[in-house]
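Please keep the sequence and the structure open while reading these notes. Each point takes up one topic.

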Number of protein chains: 2
Amino acid sequence: MGTAGDEYEYRGAPVITMKQIATETGVSVSTVSLVLNNRDRGRVKSETAKAIRRTAKRLGYHPNPMARSLRTSRTGMLGFISEEVATTPYAGAIIKGAQDSASTRGYVLLTVSTDGSDREPEQIQALKRYGVDGFLYAKMYDQVVDLPSPLRSSPSVVVNALESRDRCPSIAPDEYLIGYDATRHLIESGCRRIAYIGTTQDLPAQVDRQRGYEAALHESGLSKDPGLVCKVGFNQEALDTVGALVDRASPDGFFCFNDSRSFYVYQIAAARHLSIGRDISLVGVDNHPVMAETTAPRLTTVELPHYEMGYWAARKLMDLIGDSDFSTLPWPQTRAPLPPLDAEEPTRIHCRLVVKDSARADARSR
Amino acid sequence: MGTAGDEYEYRGAPVITMKQIATETGVSVSTVSLVLNNRDRGRVKSETAKAIRRTAKRLGYHPNPMARSLRTSRTGMLGFISEEVATTPYAGAIIKGAQDSASTRGYVLLTVSTDGSDREPEQIQALKRYGVDGFLYAKMYDQVVDLPSPLRSSPSVVVNALESRDRCPSIAPDEYLIGYDATRHLIESGCRRIAYIGTTQDLPAQVDRQRGYEAALHESGLSKDPGLVCKVGFNQEALDTVGALVDRASPDGFFCFNDSRSFYVYQIAAARHLSIGRDISLVGVDNHPVMAETTAPRLTTVELPHYEMGYWAARKLMDLIGDSDFSTLPWPQTRAPLPPLDAEEPTRIHCRLVVKDSARADARSR
DNA sequence: CTGAAAGCGCTAACAC
DNA sequence: GTGTTAGCGCTTTCAG
């Protein structure tokens, strides 16, 4: 299995420079530069401009971003800093969203993950040395955060969390609406005794989702029964608590904080021989692969908008950086209509985003 | 909610160049360069060298990688290409491993995710323009792959898959050993009727795991009972199939291909009032968060070595690139001993890695 | 032992 | 309209 040091062959592809285009076309490098950067408005004869572009294409010219950045101090790279990536399945989706968004404008992502967090400043410094044009600071659970101070001197956008002091724009899921939509969905499917299965962890997301749950109940004239609410941890304890709730209150619908909670409802349902889709309805949040594979009538998933958050955050960041070639655009209006309430089919609800643009707007206020 | 264009303040930190160190110390830039690159063996008086290093540290000098790369055509960036990141929870762990490994040598990761794959060549080109020193090509499921041709001209390492023609080193989980270890673990815990719950998908990983399962049974003199094996898809069908197996063969131990399969065993167990840890033992593979939270006696998880694969792959790649400052090292010997078989405690088994170094070694042969 | 000079690929004043 | 020049920060001969 070999000590390494093996030789693999790497023949590099020929790389074209402006100089070559210049000599090939019979002009100077500066003219080439002007044309290829679209700064030839009434400065270069459209004749020659055309010729330059032609040979550029023919030779397959691509600018060298490093050389360019040396002059412009703009690299076309975005720094993506994520905490706890390794431990959650969502990082991929956020990164992909940011990636896709970035690539539409020729940007590219330099990623670091700072789990331990003691090395975070060091990592951020590394990104700065590489000259990233701005930072995406992604947290893995929706929460309120302080933008790390080294980032405050650069364009930054916070993803999946809200910046506590509006030091930069931020984007997060609309937790309230998750609770509201989920509950309304159950109500409109005909449920009348809707349980909330939460977590014992003290998460801001839960507070808002539960407020949404209660608001929807209230709005429909359904009473708020504390016996239908429980918050559970893990394992047997969780199973027992959910089981007790089912036995005591016999709910006909469940709104579960996340897939872990859904998991316990599944097991209790199995043990009581209740079938999801026939006897009970369930709305879960998240899309862990295991659960995402499962479909049943009257089983609904609220999808957390990880991809979208990454996408829009990168977009916002690029706007902030002020790429002159692109106009600055507002945050998205991502309120998708609630899906049709066909109670016989599995459904996916898309989650709305909450965005904070600056100190002016407080999108979370309600 | 606000068109953008808002102004945030970004005061850049002062950036120190070699020139400043030179004038500050009263020497020339070239001398500074020599010293700061440790090329001053008997070329620079240790006096001045010391002085230079001192002021460099005092001023907080950090080299500008862009400028350096312009001369050396080495950027210190590794391209990380992953397919299907968004759809699996593992990408994060692989990226983190690669990241950690890279940062120990001052490398940094440029990531792209090519889901659609029609844009893959374009993305790879982008990375090449940015001058990455090499590529990590990560697949999300263990399989045999062809290294994309644009990568063949650069140092590359394949992660979580084996390269079909040994065009470059690759690293993947040892699937056979997963099956073997899992089954032995169950046997040594006292199980005698061990079921295998697989997937209907045609995955190479399953073939090897099942071979490991059978080998362990054979080795212990347990008969290979086809009635104890099933392969299931999703939902009710899966549930029914697993239920039938349980009713017909009453296994005392389960080896599940992945968390999705474990999920069905959980439900059937709940429905039959069988308790994991008391009545049955279960070994699952993977660590989706939902399942990872769950612990029980006689519940064992085989952890796929995503982090480790990322870590070692990046290491291998850097060795390939031939950073002269570091010696080239062999692939890791990551065979962790099987954990103690305390049947009363939940356990995690660490998976061994399979590595292919070149056309010479075929580590998968068995 | 150390410094001057050239140049990596590109951009931006400023001449012509 | 187009070319010349200078220089971004760094490495690397080559003189002294």
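1. In chain A of this predicted model, consider contacts between residues at least 6 apart in sequence: 67% of them join residues at least 24 apart. Chain A has 366 residues, and 49% of these are buried. Its secondary structure comes to 12 helices and 14 strands.

2. Next, the DNA. DNA strand D is surrounded by 26 residues. A:Ser30, A:Leu70, B:Met18, B:Ser30 and B:Ala67 are the closest.

3. H4(B) gives the most, with five residues.

4. Two backbone angles deserve a look. Most residues other than glycine have a negative phi. A:Asn235 is not a glycine, yet its phi is positive, about 60 degrees. This residue lies in helix H9 of chain A, which covers residues 235–249. A:Asn235 counts as partly exposed because it has 16 C-beta neighbours inside 10 Å, and a residue needs 20 or more to be buried.

5. The second case is B:Asn160, which has a positive phi of about 65 degrees and is not a glycine either. B:Asn160 sits in a loop of chain B, between strand E5 (156–159) and strand E6 (162–163). Is B:Asn160 buried or exposed? It is buried, because 27 other C-beta atoms lie within 10 Å.

Key
Residues are numbered from 1 along each chain as its sequence is written. Chains are lettered from A and ligands numbered from 1 in the order in which they are written. This is a predicted model: local features need pLDDT of at least 70, side-chain atom pairs count only at pLDDT 80 or more; totals for chains, interfaces and linings use all residues. A residue is near a molecule or strand if its C-beta atom, placed from the backbone, lies within 6 Å of it. Helices (H or I, at least four residues) and strands (E, at least two) are DSSP runs, numbered from the N terminus. A residue is buried if 20 or more other C-beta atoms lie within 10 Å of its own, exposed if 12 or fewer, and partly exposed in between; C-beta atoms are placed from the backbone. Two residues are in contact if their C-beta atoms, placed from the backbone, lie within 7 Å.
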